Amino acid sequence: MNPYDESVAGIVLRVIAYVVLAPLAGGLLAGLDRKVSAWMQGRVGPPVVQPFYDVAKLLSKEKIAVNRYQNFFVFLFLLYMIFTGSLFFAGASILIVVFVLVLASLFFVLAGFSVNSPYSHLGAERELIQVLAYDPVIIILAIGFYVVTGTFNVGSIYQASREGFLVLHLPGIFAAYLYVLTIKFRKSPFDLSMSHHAHQEIVRGLTTEFSGPHLALIEIAHWYENILLLALIYLFFAFSPVIGVAVALIAYFAEVFVDNAFARVKWQVMLASTWVFTITAGVSNLIILHYLLRR
Amino acid sequence: MQPLHIIVFLILFPLLLAVASLAVRSLSVGRIAATPANALIAAGSILLLFLTGSEPIYFTVESSLLEHFILAAEIGMGLLVTYLGLNSKRYFIVFLGAVMTAMTAVFEIICPPAADAVHHLFIDRLSVIMALLIGILGTLIINYAIGYMEEYHEHHKEVKDRRRFFGFLMYLFLSSMFGLVFSNSLKWMLFFWEITTLCSFFLIGYRNDRESQDSAFRALWMNVLGGIAFSAGVAYLSLGTGIVDLDQMIKAGPAVAMLPAVLLAFAGLVKSAQMPFSTWLTGAMVAPTPVSALLHSSTMVKAGVYLLLKVSPILSGSPAGLCITSIGAITFLFASFIAVSQSDSKRVLAYSTISTLALIVMCAGVGTANAAWSALLLIIFHAVAKSLLFLCVGVIDYKLHSRDIEDMDFLIEKMPKVAAMMNIGIAGMFLAPFGMVISKAVTLKALVDIHPLLGVALAFGGGATTFFYAKWMGKTLMVTPRAENKEGAISSWEWVTLAGLSFLTIAVCLSFPLISSGLVDPYIALVYGASPTLEKSTLILIVVTMTSLLVIFPIGVIYNARHRDYRLVGPYLSGVNIDETSFAGAMGSKLYPDTRNYYLARWFGEPILLQGGLLCAGFFIIIMMGVVLL
């Protein structure tokens with residue numbers, strides 16, 4: 001069976017699959033993440049399905065808010081995150097996917113701004129610095145795909161990737177993408193705007209004023225986002241589904257390892273190192289590719 | 001009605017209004033007449049859209065009287081520049097004015113070109129686009145200015161009330177812009193070009209203090225320098241080949257018209273405030289806000305990119321074209337980086353204007369069908385959203401007594417309607433699904449086809465753009481229980497314009513497929529042979545996303561205002577809350593936490609980056625001139 005079916009039915013099926021399955025897979029990964037982290041720290045850790053219990057419990061809690069709009073922004077964050085992922089799996093232009101992803105992230109940042117708490121503000125500002133750090137890489141990734149395959153369409157890139165070894169053309173860009181995944185997965189040393197760890201110096205940062213059902217929505221949005229990010233890794237390795245899934249999982253757990261092995265850095269270090277790495281690995285990859293393919 | 005009649009009307013009617021603004025002593029008469037007059041201009045430009053097809057039409061205007069008048073006016077303008085320089089003891093400007101006068105005298109009187117232009121006026125889809133922007137946005141801005149200038153003089157008692165002169169300049173500006181985009185005769189174009197330069201000089205210097213004088217003269221010398229390059233280009237072309245028509249020049253191609261095209265492009269780069277000439281635009285922020293809106297959204301700077309786009313088929317693929325693209329890339333990168341470190345909202349807008357124009361310049365330098373297509377769309381989307389933003393800032397400036405972004409906390413509570421409109425404008429500048437971002441996607445493709453490094457410039461500059469607009473947006477959307485509404489005293493002049501522009505910002509995005517197929521595609525097909533279009537699926541997506549936002553947002557806001565199923569509490573500040581905005585400190589003190597945005601001045605500071613940008617871009621200007629001269 002060809003998993004990439006361009007008929008309307010195929011597109012609808014894939015989008016439905018994403019909308020239904022992504023939170024399940026994302027939640028399971030989050031559970032495994034905690035299990036593996038516990039194992040690294042010599043603890044037993046919670047059961048793998050603990051994230052689902054957590055979200056269910058959050059959903060049943062009282063709704064508390066600081067103002068009228070904050071929860072609306074969170075709702076929009078989740079909505080547009082699902083939309084972004086759906087666009088990706090529908091095979092739309094990767095640039096549109098990236099732009100809508102920025103829109104979704106912006107709603108999250110605005111939620112943080114709207115509450116008048118200094119912790120939340122600092123978190124929102126840092127989140128924006130994180131966007132500043134990772135945004136160029138994602139655009140460069142899209143350019144890289146375009147230079148190799150001649151299209152920005154996720155569907156066509158996928159087809160090209162099934163037939164050729166995309167990652168061999170784009171090793172530097174792939175490395176740069178892995179580097180910023182630490183930011184996107186909100187893992188230490190780059191979990192500046194908010195963190196799952198208790199030792200975050202700005203309390204919970206961006207999410208300081210979010211509790212109960214709306215915190216659950218934020219959590220679910222992250223599950224959707226994580227699956228989308230892993231699907232992007234798969235896009236490099238689509239020539240073999242087994243290798244693709246394996247690499248995506250290895251990358252995810254490598255991030256968990258990094259999370260446990262490094263202390264949080266200042267934003268200056270994050271921004272500078274990301275940009276330097278983007279230029280040395282990603283941009284140079286792009287230029288070399290340009291001259292290689294022109295020959 | 002014939003298209004020619006409307007063109008003549010669009011040029012002459014604002015001119016008539018300009019003279020009338022000077023002549024009619026009473027300001028209230030001017031006000032009453034302004035609305036219908038403005039509506040007529042806007043209606044004229046819309047009528048032109050329906051009366052003309054995709055084929056360009058050329059008109060010949062035989063009148064030796066008119067030619068003599070233009071000649072006399074050009075000499076007069078040259079002498080005026082010289083006088084202005086003498087009067088303020090700026091001898092470089094005296095020199096430029098003398099050169100300008102001498103060039104007109106030598107090339108028009110002593111050794112006049114062999115032939116006159118065949119067609120003096122023309123109209124094609126690009127001039128229709130420009131006319132719509134000038135006619136609709138320009139008149140909306142003038143409408144706003146009527147309310148704004150009254151308040152301006154209440155706030156600035158020290159500034160001499162020269163409102164009639166101001167009205168004269170604004171209408172003269174519109175008239176010359178119309179003339180510029182309808183001129184096929186390069187001589188006429190140059191004539192209108194010089195008028196916009198002088199108008200902008202007087203508008204920037206309206207406040208007449210030291211700072212605005214300096215800024216005005218800076219704008220003057222740069223643009224006169226550009227004008228001299230323009231006139232040198234025209235003289236070279238007409239003396240060498242006898243061509244005085246724009247369309248013939250483009251037809252002649254790079255073999256004949258390379259040097260003139262580069263000289264015209266130089267003038268275009270100056271006018272569109274590309275580095276190293278960007279400082280005139282940032283300096284121009286001293287002018288009253290409607291002036292900034294007029295100059296930096298739909299007219300002055302757009303005249304620059306209009307000219308660049310016209311000559312871009314000649315430059316396409318040449319080293320000079322590559323230099324222009326590089327200048328655009330450098331300007332885009334540096335200007336968006338500098339904007340990160342600015343907290344004065346008008347300066348943020350200024351740098352964002354420079355960076356958007358740089359995108360258009362990059363496209364013009366590339367000169368492929370794809371690039372030109374996205375350049376045209378960028379022109380449209382930027383003009384609408386940017387004029388809205390400038391005018392919002394103008395209103396906020398007088399209500400909050402500051403235009404610093406750091407003073408815009410809680411704007412959504414203090415001035416809910418203005419804040420909402422401003423956020424529409426900001427979203428229009430950098431957020432999907434608004435047009436700017438969509439055209440950026442096409443721009444990216446067009447640029448990467450030439451060289452991926454250009455795409456990299458877009459990636460980094462785009463990241464910075466997201467950063468500085470998003471933090472501004474965040475500031476305005478902060479919510480606090482105690483903020484008083486300060487929206488009361490905004491005049492209906494201003495309201496009408498702001499509402500109209502907000503509507504237009506959304507409307508141009510929703511009607512994006514129509515604008516593309518009706519206006520942009522025919523022009524591109526005509527000039528470049530083939531016309532690119534976005535994939536249908538992408539077009540549908542944009543419209544769907546936009547519509548979903550338009551539906552969800554109002555419903556969400558109303559739902560959240562009415563439906564309260566949550567308990568309201570105070571935010572966590574740092575200790576035990578006293579109320580929602582303060583907490584108990586040591587010794588029973590009351591502390592108010594306060595947060596500020598990041599400006600990353602050590603990294604993106606203006607002093608270092610501006611010098612770097614000016615230097616790099618200046619380097620490419622020299623190369624560009626070098627490759628065609630040597």
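Q: Is B:His401 buried or exposed, and how many C-beta neighbours does B:His401 have inside 10 Å?
A: The general idea is to count neighbours: a residue is buried if 20 or more other C-beta atoms lie within 10 Å of its own, exposed if 12 or fewer, and partly exposed in between, with C-beta atoms placed from the backbone. B:His401 has 10 such neighbours inside 10 Å and therefore counts as exposed. This is a predicted model, in which local features need pLDDT of at least 70 and side-chain atom pairs count only at pLDDT 80 or more, while totals for chains, interfaces and linings use all residues. Residues are numbered from 1 along each chain as its sequence is written, and chains are lettered from A and ligands numbered from 1 in the order in which they are written.

Q: Where does B:His401 lie, and what is its phi?
A: Helices (H or I, at least four residues) and strands (E, at least two) are DSSP runs, numbered from the N terminus. B:His401 belongs to the loop between α16 and α17 (411-414) of chain B, and its position is just after α16(B). Its phi is near 60 degrees, which is positive although the residue is not a glycine.

Q: How should one read the span of helix α16 of chain B?
A: The expected span of a helix is 1.5 Å times one less than its number of residues. Helix α16 of chain B covers residues 369-400, and its 32 residues should span 46 Å; the end C-alpha atoms are 46 Å apart, in agreement. Of these 32 residues, 28 are buried, so α16(B) is largely enclosed by the rest of the structure.

Q: Which residues are joined by a cis peptide bond in chain B, and which in chain A?
A: The angle to read is omega. In chain B, B:Met275 and B:Pro276 are joined by a cis peptide bond with omega about 5 degrees. B:Pro276 is located between α10 (254-271) and α11 (279-283) of chain B, in the loop. In chain A, the bond from A:Ser188 to A:Pro189 is cis, with omega near 10 degrees. A:Pro189 occurs in the loop between α8 (171-184) and α9 (212-236) of chain A.

Q: With which residues is B:Pro313 in contact, leaving aside its neighbours within four places in sequence?
A: Two residues are in contact if their C-beta atoms, placed from the backbone, lie within 7 Å. B:Pro313 lies in helix α13 (residues 300-315) of chain B. Apart from its neighbours within four places in sequence, B:Pro313 is in contact with B:Ile250, B:Gly367 and B:Val527. B:Pro313 counts as buried because it has 21 C-beta neighbours inside 10 Å.

Q: What does the radius of gyration say about chain A and chain B?
A: The radius of gyration is taken over C-alpha atoms, and the globule rule is 2.2 Å times the number of residues to the power 0.38. For the 630 residues of chain B, a compact globule would have a value near 25 Å, and chain B has 25 Å, which agrees. For the 295 residues of chain A, the rule gives a value near 19 Å, and chain A has 19 Å, which agrees. Chain B contains 25 helices and 5 strands, and chain A contains 11 helices and 1 strand. Buried residues are 57% of chain B and 54% of chain A.

Q: How many residues does each chain bring to the contact between chain A and chain B?
A: Chain B and chain A bring 49 residues each. On the side of chain B, α20(B) gives the most, with 15 residues. The residues of that side comprise 28 nonpolar, 17 polar and 4 charged. Here Ala, Val, Leu, Ile, Met, Phe, Trp, Tyr, Cys and Pro count as nonpolar, Asp, Glu, Lys and Arg as charged, and the others, Gly among them, as polar.

Q: Which strand of chain A is joined to β3(B)?
A: Two strands pair if DSSP finds at least two bridges between them. Strand β1 (residues 64-65) of chain A and β3(B) run parallel and are joined by 2 bridges. In β3(B), B:Arg567 is the bridge partner of A:Ile64.
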